[in-house]
Amino acid sequence: MSTATHLAPAGYTGTAKSLHWLIVILLIAQFTFAWTMPHIGRNTPVTTLISLHFTFGVIILAVALIRLLFRLTRGVPEPEAGIPGWQENSAQIVHWLLYLLLLVVPLLGWINADWRGMPIAMFGHELPHLIAARAAGWQWTGDVHGLLANYAMLILVGLHVAAALYHHMVMGDGVLKRMLPGRWIK
Ligand code: HEM
Ligand code: HEM
């Protein structure tokens, strides 16, 4: 038991780490469904893979919301000592853009599935519609959903992972370790 409650923890809490790595696993499954499901066009039937894509996408949205709430109320550990200001700032920008995409991408997918009149079922229950089928002005949501996921999200995740590996292997600092399971929590 720690008595030094005035000290910021050296690493992310178990909850923050669990939510971070849960999202990573869910996203790997989600991109696998996205890239193997049939191309979605007019009158495409909702196959098992498409339905799994919807269900996992909604779960990602829910976990991202919980994570964001946790982040906004509980904060983050102090930055690692000796990290240059520009790296700290760019890391912050990438993290907030990732949070934003984790909300906007599934919401656009949901809106597009509604627009197409495709049912979104979660454990046997159909979810409410955010817009009506073929509602005017919402046709673009499918293309933007795919582009943001396939490009914006994957490019940012690529930069994010490259930075984590750079810190670990080149700088030899604790940036990666404080997000890994186990120790580092004081
Ligand atoms: C973070 C969560 C999500 C990610 C990363 C994601 C990713 C993707 C990707 C990459 C595609 C394009 C597939 C291709 O290359 O052709 C796609 C298409 C699609 N996704 Fe998602 N998706 C997510 C959540 C959702 C959700 C929650 C729904 C609906 C409930 C959804 C519905 C759709 C639909 C309808 C399409 C076809 C869009 C079109 O081509 O017009 N997605 N998704
Ligand atoms: C193998 C893949 C990944 C690795 C090695 C990794 C590594 C890390 C590390 C080390 C941190 C802490 C950075 C710091 O303390 O400044 C972090 C934070 C973060 N990661 Fe990842 N990550 C990965 C994948 C992802 C993915 C796929 C997403 C979401 C799309 C993501 C979103 C975030 C966010 C939003 C934070 C900021 C947490 C906060 O301070 O609020 N990461 N990641």
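Predicted model: local features only at pLDDT ≥ 70, side-chain atom pairs only at ≥ 80, totals over all residues.
A donor, in what follows, is an N, O or S atom within 2.8 Å of the metal (3.2 Å for Na, K and Ca), and water is not among the atoms, so sites may look incomplete.

Residues are numbered from 1 along each chain as its sequence is written, chains are lettered from A and ligands numbered from 1 in the order in which they are written, and side-chain values use heavy atoms, with hydrogens and water left out.

Which residues coordinate the iron atom of ligand 2? H20 and H160 do, each through NE2, at 2.0 Å. H20 belongs to helix α1 and H160 to helix α4, so the pair links distant parts of the chain, 140 residues apart. Helices here are DSSP runs of H or I with at least four residues, strands are runs of E with at least two, and both are numbered from the N terminus.

Now the geometry. The arrangement around the iron atom of ligand 2 is octahedral because its 6 donor atoms subtend angles of 88 to 179°. For six donors, octahedral requires opposite donors over 155 degrees apart and all others between 65 and 115. As a reference, ideal angles for six octahedral donors are 90 or 180 degrees.

H160 is partly exposed, with a relative accessible area of 25%. The cut-offs are under 20% relative accessible area for buried, over 50% for exposed, and partly exposed in between, using a 1.4 Å probe and protein chains only.

Next, the surroundings of this ligand. Ligand 2 has 18 residues around it, and the closest are H20, R71, Y99, H160 and R178. A residue is near a molecule if one of its heavy atoms lies within 4 Å of it. There are polar contacts too, meaning pairs of N or O atoms within 3.5 Å; within protein, one must be able to donate a hydrogen and the other to accept it, and residues adjacent in sequence count only if both atoms are side-chain atoms. The side chain of R71 has an N or O atom 2.6 Å from an oxygen atom of ligand 2. For Y12, the corresponding side-chain distance to an oxygen atom of ligand 2 is 2.8 Å. In the side chain of H160, an N or O atom lies 2.8 Å from a nitrogen atom of ligand 2.

Ligand 2 sits in the largest pocket. Helices α1, α2, α3 and α4 each give two or more residues to its shell. Of these, α1 gives the most, with 4 residues. A pocket is an open set of points on a 1 Å grid over the protein atoms alone, where a 1.4 Å probe fits, with protein on both sides within 12 Å along at least five of seven lines. A molecule sits in one if more than half of its atoms lie within 2 Å of its grid points.

On to ligand 1. The protein donors of its iron atom are H53 and H145, again NE2 in each case, 2.0 Å away. H53 is in helix α2 (residues 48-74) and H145 in helix α4 (residues 141-171), 92 residues apart. Both H53 and H145 are buried.

R116 places a polar side-chain atom 2.5 Å from an oxygen atom of ligand 1. N150 has a side-chain N or O atom 3.1 Å from an oxygen atom of the ligand. The space taken by ligand 1 is the second largest pocket.

Briefly, the whole chain. It has 4 helices and 2 strands, in the order α-α-α-β-β-α. The C-alpha trace spans about 60 × 35 × 25 Å along its principal axes, and 36% of the 186 residues count as buried.

Last, two backbone points. Most residues other than glycine have a negative phi. F123, in the loop between β1 (121-122) and β2 (125-126), has a positive phi near 50°. F123 counts as exposed, because its relative accessibility is 70%. R134, in the loop between β2 and α4, has a positive phi near 60°. At 34% relative accessibility, R134 counts as partly exposed.

Conventions:
1 Å grid on protein atoms, 1.4 Å probe; cavity = no way out; pocket = protein on both sides within 12 Å on 5 of 7 lines; lining within 4 Å. Tetrahedral: all angles 85-135°; square planar, octahedral: opposite > 155°, others 65-115°.
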